[in-house]
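Here is a short briefing on a protein model. Have a look at the structure first, then work through the points by topic.

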Amino acid sequence: MCLDDASAEPDSIGVIQRRYAAGETPERLLLDLRARLAACDDPGIFLHLAAPDFLLAAARALDPAHRGRLPLWGVPFAVKDNIDVAGMPTTAACPAFAYTPSRHAAAVERLMAAGAVPVGKTNLDQFATGLVGARTPWPVPRNPRAPGRVPGGSSSGSAVAVARGLVPFSLGTDTAGSGRVPAGLNGLVGLKPTPGAGSTRGVVPACRSLDCVSVFARSVADAWAVHAALAGHDPEDPYSRDLPVGEPTSAAPLQVIGIPQDSDRPHFDPAAEAAWDSGLEALRALGLELVPVPMAPFREVAALLYEGAWVAERLATLEGFIAEAGEAALLPVTRGIILGQGGSYSAAEAFRALHRLEALRCETAPLWTRIDALAVPTAPLFPTLAEVEADPIGPNAQLGTFTNFVNLLGLAALAVPGPDRPDGLPAGLTLIGPGGSDARLAGFGLHFEASRRPGAITGAAA
């Protein structure tokens with residue numbers, strides 16, 4: 001096991017803070033944690049662990065006088081290995097691509113300024129191209145709830161690290177669902193901010209115009225605490241935006257929730273469908289009005305991402321590297337997507353796709369005047385590793401059914417654990433809202449989370 005006591009409650013941000021308040025030192029906590037990570041029985045989670053000297057230096061830089069003032073003082077976290085941590089290699093799950101940055105990514109800088117300490121880099125689908133978490137040259141991280149099934153990707157290691165209780169939170173990235181899908185398949189909260197709400201400087205791009213740094217945590221409160229530290233304009237990131245952060249507890253409550261109309265529900269996995277039906281009952285129990293909405297325009301937006309010219313944006317990032325390192329540096333499935341699909345679109349096709357996206361943005365915009373948020377299944381299936389090995393493309397594409405359109409439309413999203421599937425495996429639902437609605441979604445997430453605790457009283461959403 002990775003924990004000294006498998007029955008112990010995994011550390012949340014609050015538990016870590018209470019441990020410090022009781023007298024534990026950052027040096028002791030961080031070095032003990034590193035020893036547990038090094039002894040972990042799953043070699044696929046971490047690709048690199050922080051050196052003891054790094055952790056000691058970070059611990060000694062934490063002024064005890066700031067413990068009550070820095071929201072993440074001494075809290076350890078994991079970082080997806082397409083996000084730079086100075087002095088640690090960045091590989092993007094491609095050994096030939098590896099480099100060691102001299103500067104932290106903006107997200108890591110901001111978290112460390114809030115007192116948090118990065119303890120290692122986590123595995124991913126190569127170049128963040130995938131939703132299954134199995135497209136890596138290293139061992140696939142094992143889903144702790146279902147070892148024979150995929151961990152979800154592309155932020156596989158970051159999700160599993162939190163699900164196993166190794167760290168209170170972790171950073172992923174999310175372009176097409178890479179933060180939400182693994183959250184749903186591991187029973188976690190996955191916060192995907194409005195594009196531009198946080199900086200992506202120092203992140204190896206997947207689609208640079210769409211990428212977001214996302215957060216995995218075991219509670220909405222922890223995810224929001226991290227997001228609040230991450231959010232803010234970065235003048236060094238041309239895609240960064242100056243958006244108000246807001247406060248979940250004072251945000252306007254959600255009252256009207258859109259849901260996919262029955263004809264738009266895919267029939268991939270009966271157990272996933274049953275879990276979604278249970279999730280709908282949980283929403284109704286909160287007194288919410290559920291309004292069926294057509295998903296056809298959202299499906300068309302989603303198709304633009306992996307079946308259209310946006311695949312070429314991945315090639316634009318990696319073309320120079322591939323020319324130098326050779327095509328064999330990429331895994332076959334990654335190579336097929338980036339070179340096969342990405343290299344097949346002309347500039348004219350890219351502009352036609354941009355024009356179509358704007359038309360679909362106009363078509364979907366009125367929906368947000370009728371509903372406060374859209375609720376969807378986070379993952380409409382839960383593939384086995386064997387199924388993905390037999391068909392590397394099909395299950396991966398299906399996992400993005402309700403995620404691929406979100407960033408193209410500039411929307412915010414929050415994945416939360418929902419009722420489990422009938423087979424006992426985790427399932428989740430995702431709330432999607434207009435850009436800038438992050439705090440409002442998190443406010444609902446807090447309420448939904450509370451309603452699912454034993455003995456909770458349901459009623460009108462707060």
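The largest cavity in this predicted model has a volume of about 120 Å³. By the rule used here, there are five cavities of 30 Å³ or more. Rolling a probe the size of a water molecule over the atoms shows where empty space is left. Salt bridges and some local backbone features follow below.

**The largest cavity**

- The lining of the largest cavity is made up of 18 residues. Closest to the centre are A272, A275, A379, A427 and G428.
- Which element gives the most to the lining of the largest cavity? Helix α8 does, with four residues.
- By class, the lining of the largest cavity has 12 nonpolar residues, five polar and one charged.

**The second largest cavity**

- About 100 Å³ of space lies in the second largest cavity.
- Its lining consists of P260, R265, P266, A272, E273, W276, P377, A379, P380 and F402.
- A272 lines the second largest cavity, and A272 is also among the residues closest to the centre of the largest one.
- Helix α8 gives the largest share of the lining of the second largest cavity, with three residues.
- How many residues of each class line the second largest cavity? Eight are nonpolar, none is polar and two are charged.

**Salt bridges**

- Side chains of opposite charge can pair when their charged atoms come close.
- The structure holds 22 salt bridges. Three of them are described here, starting with R103 and E109.
- R103 and E109 form a salt bridge, with 3.1 Å between the closest N and O atoms. R103 is partly exposed, at 39% relative accessibility. E109 is partly exposed too, with a relative accessible area of 27%.
- D420 pairs with R145, and the closest N and O atoms are 3.1 Å apart. D420 sits in the loop between β10 (412-417) and β11, while R145 sits in the loop between β3 (117-122) and α5 (156-163). The pair therefore ties together parts that are 275 residues apart in sequence.
- D420 has a relative accessibility of 38%, so D420 counts as partly exposed. R145 is partly exposed as well, with a relative accessible area of 37%.
- D423 and R421 meet through their side chains in a salt bridge, at 2.7 Å from N to O. R421 counts as buried, at 6% relative accessibility.
- Some salt bridges share partners. In this way R103, E109, R201, D234 and E236 are joined into one network.

**A buried serine**

- S158 lies in helix α5.
- Is S158 buried or exposed? S158 has 0% relative accessibility, so S158 counts as buried.
- What does S158 touch, apart from its neighbours within four places in sequence? S158 is in contact with V79, K80, T122, N123, S170, L171, G172 and F216.

**Backbone features**

- Most residues other than glycine have a negative phi, and most peptide bonds are trans.
- A cis peptide bond joins G153 and S154, with omega at about 5°. S154 is in the loop between β3 and α5.
- A92 is not a glycine, yet A92 has a positive phi of about 55°. A92 is found in the loop between β2 (76-80) and α4 (106-113). A92 is buried because its relative accessible area, 0%, falls under 20%.
- A128 is another residue other than glycine with a positive phi, near 55°. A128 lies in the loop between β3 and α5. A128 counts as buried, at 5% relative accessibility.

Terms used: Residues are numbered from 1 along each chain as its sequence is written. This is a predicted model: local features need pLDDT of at least 70, side-chain atom pairs count only at pLDDT 80 or more; totals for chains, interfaces and linings use all residues. Side-chain values use heavy atoms; hydrogens and water are left out. On a 1 Å grid over the protein atoms alone, a cavity is a set of points where a 1.4 Å probe fits but cannot get out, and a pocket is an open set with protein on both sides within 12 Å along at least five of seven lines; lining residues have an atom within 4 Å of a point. Grid points are joined across faces, edges and corners, and a volume is the space filled by probe spheres set on the points. Helices (H or I, at least four residues) and strands (E, at least two) are DSSP runs, numbered from the N terminus. Ala, Val, Leu, Ile, Met, Phe, Trp, Tyr, Cys and Pro count as nonpolar, Asp, Glu, Lys and Arg as charged, and the others, Gly among them, as polar. A salt bridge is a side-chain nitrogen of Lys or Arg within 4 Å of a carboxyl oxygen of Asp or Glu. Buried means under 20% relative accessible area, exposed over 50%, partly exposed in between (1.4 Å probe, protein chains only). Contact means heavy atoms within 4.5 Å.
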